[in-house]
Amino acid sequence: MDYVNLGRTGLKVSRLCLGCMTYGEPDRGPHEWTLGEEQSRPFIRQALEAGINFFDTANVYSAGSSEEIVGRALKEYAKRDEIVLATKVHGVMAKHPNGGGLSRKAILSEIDQSLTRLGTDYVDLYQIHRFDPHTPIEETLEALHDVVKAGKARYIGASSMYSWQFAKALYLADRHGWTRFVSMQNHLNLLYREEEREMLGLCREEGIGVIPWSPLARGKLARPRSAAGETKRDQTDAFSRKLYEQTAEADGKIVDTVGAVAEARGASRAAVALAWMLHKPGITAPIIGASKEHHLKDALEALTLHLDHAEIERLEADYVPHAVAGF
């Protein structure tokens with residue numbers, strides 16, 4: 001496993017991050033396809049054994065049960081100082097006016113609840129899950145700064161938003177001497193490359209680590225078109241349809257190309273799609289999911305799969321502009 005700095009920080013993270021939305025009690029969240037605790041633990045252990053030290057979850061995943069499962073597993077399988085633990089805040093966690101969002105009240109309440117569920121005194125990376133248009137960004141930034149100064153988070157990060165919003169947040173943090181965002185968790189894959197227009201350039205210029213979510217496009221890049229709809233997640237994930245339904249035909253051509261390159265290389269489709277992402281300048285660690293035995297194996301394969309220029313051009317040739325999605 002290779003380890004790289006997260007942006008301009010001194011924090012070393014594995015080249016792959018294990019996303020933990022898959023791990024959560026199904027009866028505590030909206031997703032039927034999540035894995036309960038006993039099913040989840042082997043994947044967390046296998047990731048650690050493979051050298052992955054970077055784990056990402058969120059307070060809203062399965063109503064907090066993802067944090068509980070991940071926290072208990074990591075406490076048993078790893079030493080706290082040897083892992084990089086990330087969680088997120090923004091989603092609605094309670095049915096009252098202040099039960100979500102990025103107000104000072106919400107942030108200071110949710111960090112304590114996340115730490116309790118995770119069973120730790122601090123998280124390494126505390127991220128805003130989305131931009132909150134209903135709260136002044138200054139209020140959010142100062143609250144996050146106070147979380148860091150209280151020792152409850154080592155670093156802060158952001159997730160999907162417009163580039164101008166992120167640029168404003170970085171400017172205001174510098175202007176006021178507040179803790180700066182060190183990472184951007186955004187939507188990026190072979191089927192959705194709109195982040196290449198502005199966000200990736202901004203992150204390179206500002207020294208921001210990039211940890212893309214859905215690098216396999218909700219699994220679409222990991223299987224042939226003929227296999228669409230075979231998994232429970234594919235059948236029930238309304239968000240996935242929202243992201244890719246409008247460009248299904250054009251996206252299908254890219255899926256076919258991934259399959260052709262994979263066959264020629266004797267590699268898995270997932271490895272090809274991840275290898276494409278890993279070659280991009282400024283990409284720190286794609287956030288991968290693992291719910292089947294071969295998922296981690298395929299992801300690890302990508303670390304040693306080096307695509308040539310012709311293969312990259314072939315994979316990118318059929319891309320068409322997409323409407324902005326994922327915010």
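**Close-up 1. Cys203 and its distance from the closest cysteine sulfur.** In this predicted model, the sulfur of Cys203 lies 16 Å from the closest cysteine sulfur, which belongs to Cys17, and that is too far for a bond. A disulfide would need the two sulfur atoms within 2.5 Å. Cys203 has a relative accessibility of 1% and so counts as buried.

**Close-up 2. Cys20 and Cys17.** The closest cysteine sulfur to that of Cys20 is also in Cys17. The separation is 7.3 Å, again too far for a bond. Cys20 is buried, with a relative accessibility of 1%. Over the whole structure, the search for disulfides finds zero.

**Close-up 3. Helix α6 and its buried face.** Helix α6 covers residues 199-206, and Met199, Leu200, Leu202 and Cys203 are buried in this helix. Viewed down the axis of α6, these buried residues fall within an arc of 160°, so they line one face of the helix. In an α-helix there are 3.6 residues a turn, so residues three or four places apart point the same way. The elements against which the buried residues of α6 pack are helix α5 (163-176) and the strands β8 (181-185) and β9 (209-210).

Close-up 4. Helix α10 runs over residues 269-278 and is mostly covered, with nine of its ten residues buried. The buried residues are Ala270, Ala271, Val272, Ala273, Leu274, Ala275, Trp276, Met277 and Leu278. Among the elements covering them are the helices α9 (248-265), α11 (293-302) and α12 (309-316). Strand β10 (287-288) is also part of this cover.

**Close-up 5. The largest cavity and its lining.** The model has one cavity of 30 Å³ or more. The space in the largest cavity is about 30 Å³. Its lining is made up of Leu102, Ile128, Phe131, Asp132, Thr135, Ile137 and Thr140. By residue type, this lining divides into four nonpolar, two polar and one charged.

Definitions and conventions: Residues are numbered from 1 along each chain as its sequence is written. This is a predicted model: local features need pLDDT of at least 70, side-chain atom pairs count only at pLDDT 80 or more; totals for chains, interfaces and linings use all residues. Side-chain values use heavy atoms; hydrogens and water are left out. Buried means under 20% relative accessible area, exposed over 50%, partly exposed in between (1.4 Å probe, protein chains only). Helices (H or I, at least four residues) and strands (E, at least two) are DSSP runs, numbered from the N terminus. The arc is that of the directions from the helix axis to the C-beta atoms. Contact means heavy atoms within 4.5 Å. On a 1 Å grid over the protein atoms alone, a cavity is a set of points where a 1.4 Å probe fits but cannot get out, and a pocket is an open set with protein on both sides within 12 Å along at least five of seven lines; lining residues have an atom within 4 Å of a point. Grid points are joined across faces, edges and corners, and a volume is the space filled by probe spheres set on the points. Ala, Val, Leu, Ile, Met, Phe, Trp, Tyr, Cys and Pro count as nonpolar, Asp, Glu, Lys and Arg as charged, and the others, Gly among them, as polar.
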